[in-house]
Amino acid sequence: MILAEKILKHRKENNWSQEDLAYKLNVSRQSISKWESGASIPDIERVILMSEIFGVSTDYLLKDEVDIVESEREYTLPDNENARRITLEEANEFMEFSENHAKLVALGVALCILSPALLIFLSHLSEAKIIDMSESVAEGVGVVTIFLMVSAAVAIFINFSMKMKEYEYFEEDFDLEYGIAGIVEAKKEKFKPQHRKSIIAGVALYILCSIPIIMIASLGFSETVQTSGVALLLLAVAAGTFMIIRADGILASYDKILEEGDYTEEKKQQRKKLETLAELYWIIATVIYLAWSFYTFNWWFTWIVWPIAGVLYLLVEKLGEIFIK
C-alpha cells in the first residue's frame with residue numbers, strides 16, 4: 001500500500017472529509033486531493049503530523065511495504081550514490097510529455113499511411129471522367145498531398161526526437177525519490193485495461209480491413225466503389241496503427257520510469273546498440289516504399305510495404321537482440 005492509499009484509508013476510517021483533514025494539517029483541500037490521487041506527496045513535516053493525527057508511525061506511512069505491522073527491514077540508500085535522483089515533478093512531467101507525444105507520433109505514422117488515399121481517389125475519378133480534371137492534374141494534386149502529409153509527419157518525428165533529448169537521463173542510471181515508484185505503478189495498472197483494448201482493436205482493424213475490398217470485388221461493384229474500398233482500407237490501417245502506437249507509447253513511459261519490461265538496465269544497454277540498426281531499417285523501408293510507388297504509381301497496392309515492414313521489424317529486432325550483446 002502506497003502513501004496515497006494510506007492517507008485515503010485513514011481519513012475515511014476517521015470519517016473526515018478532505019476539508020477536515022486539510023484543516024488539521026493546515027493545508028488546502030486541493031493538497032489533500034493531490035496526495036490521495038498520487039499527483040504529489042506531502043513534505044516530511046506533514047508526514048510527521050499525519051502520523052500523530054492517525055496514530056501510526058512515520059515508517060508505516062513512508063514505506064510502501066509496511067501495512068500495519070512494522071517491517072523488520074530497514075530503509076537503505078540506493079547502491080549508486082552518483083545516480084541521478086528523479087523527483088515526482090520530473091516523473092509527472094515525463095509521463096505527461098509521453099502521453100501527449102504518443103498521440104502525435106501515432107498521428108504522424110497514420111498520416112504516412114493515409115497520404116496516398118487522395119491520389120488513388122482523384123486518379124480514378126479523373127480517369128473515369130467523373131470529375132472535370134485531367135489525369136496529370138489529378139496525379140499532381142495527389143502527389144503534392146502526399147508530400148505535405150509526409151512532411152507534416154516528419155516534422156512531428158523530428159520535434160519528438162528533439163524534445164525527447166531533454167529526458168535522456170531516463171536511459172542512464174537513476175534512482176526514484178520516495179513514493180514515485182508506487183505512484184507510477186498505480187498509474188500503469190490503471191492504464192493497462194485501456195492499453196489492452198487499444199491493442200485488440202488495432203489488431204482487429206488490421207485483420208478486418210481487407211473485408212470491404214473482398215466483398216466489393218466479389219459482388220461486382222463499380223471501380224469507383226472499389227477505389228472507395230481501398231481508401232477505407234487505408235483509413236482502417238491508419239486507425240489501427242494510431243491505436244497501437246499511442247497505447248504502447250504511454251505504457252512505455254511507465255516502464256521506463258520503473259525500469260521494467262524493455263527498459264531494464266540490461267535492455268537499455270542493448271537498445272542503444274540497436275538504435276542504429278532500427279534507424280537504418282526504417283530508412284530502407286521508406287526508400288523502398290517511395291521508389292516502388294513512384295515507379296509503378298500503384299499507390300493502392302504499395303501501402304502494403306508498411307504492414308510487412310512492421311512485421312519484419314519484429315523479426316529483425318529479435319535477431320538483433322540475439323546477436324547484439
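Salt bridges and aromatic pairs in the predicted model

Glu189 and Lys192 form a salt bridge, with the closest N and O atoms 3.1 Å apart; a salt bridge is a side-chain nitrogen of Lys or Arg within 4 Å of a carboxyl oxygen of Asp or Glu. The structure is a predicted model, in which local features need pLDDT of at least 70, side-chain atom pairs count only at pLDDT 80 or more, and totals for chains, interfaces and linings use all residues. Residues are numbered from 1 along each chain as its sequence is written, and side-chain values use heavy atoms, with hydrogens and water left out.

Glu189 and Lys192 are separated by about one helical turn because they lie 3 residues apart in helix α9 (helices are DSSP runs of H or I, at least four residues, numbered from the N terminus). Glu189 is partly exposed at 40% relative accessibility (buried means under 20% relative accessible area, exposed over 50%, partly exposed in between; 1.4 Å probe, protein chains only).

The count comes to 7 salt bridges. In one of them, Lys188 meets Asp255 at 2.6 Å, N to O. This pair links helix α9 (residues 180–208) to helix α11 (residues 223–258), 67 residues apart. Lys188 is buried at 8%, as is Asp255 at 12%. Lys188, Asp255 and Glu260 are linked in a network of salt bridges.

The whole structure holds 10 aromatic pairs (rings of Phe, Tyr and Trp, its six-membered ring, with centres within 6.5 Å; planes under 30 degrees apart count as stacked, over 60 as edge-to-face and the rest as tilted). Phe147 and Phe294 are stacked, at 6.0 Å centre to centre and 25 degrees between the planes.

How values were computed:
Helix = DSSP H or I, 4+ residues; strand = E, 2+ residues; numbered from the N terminus.
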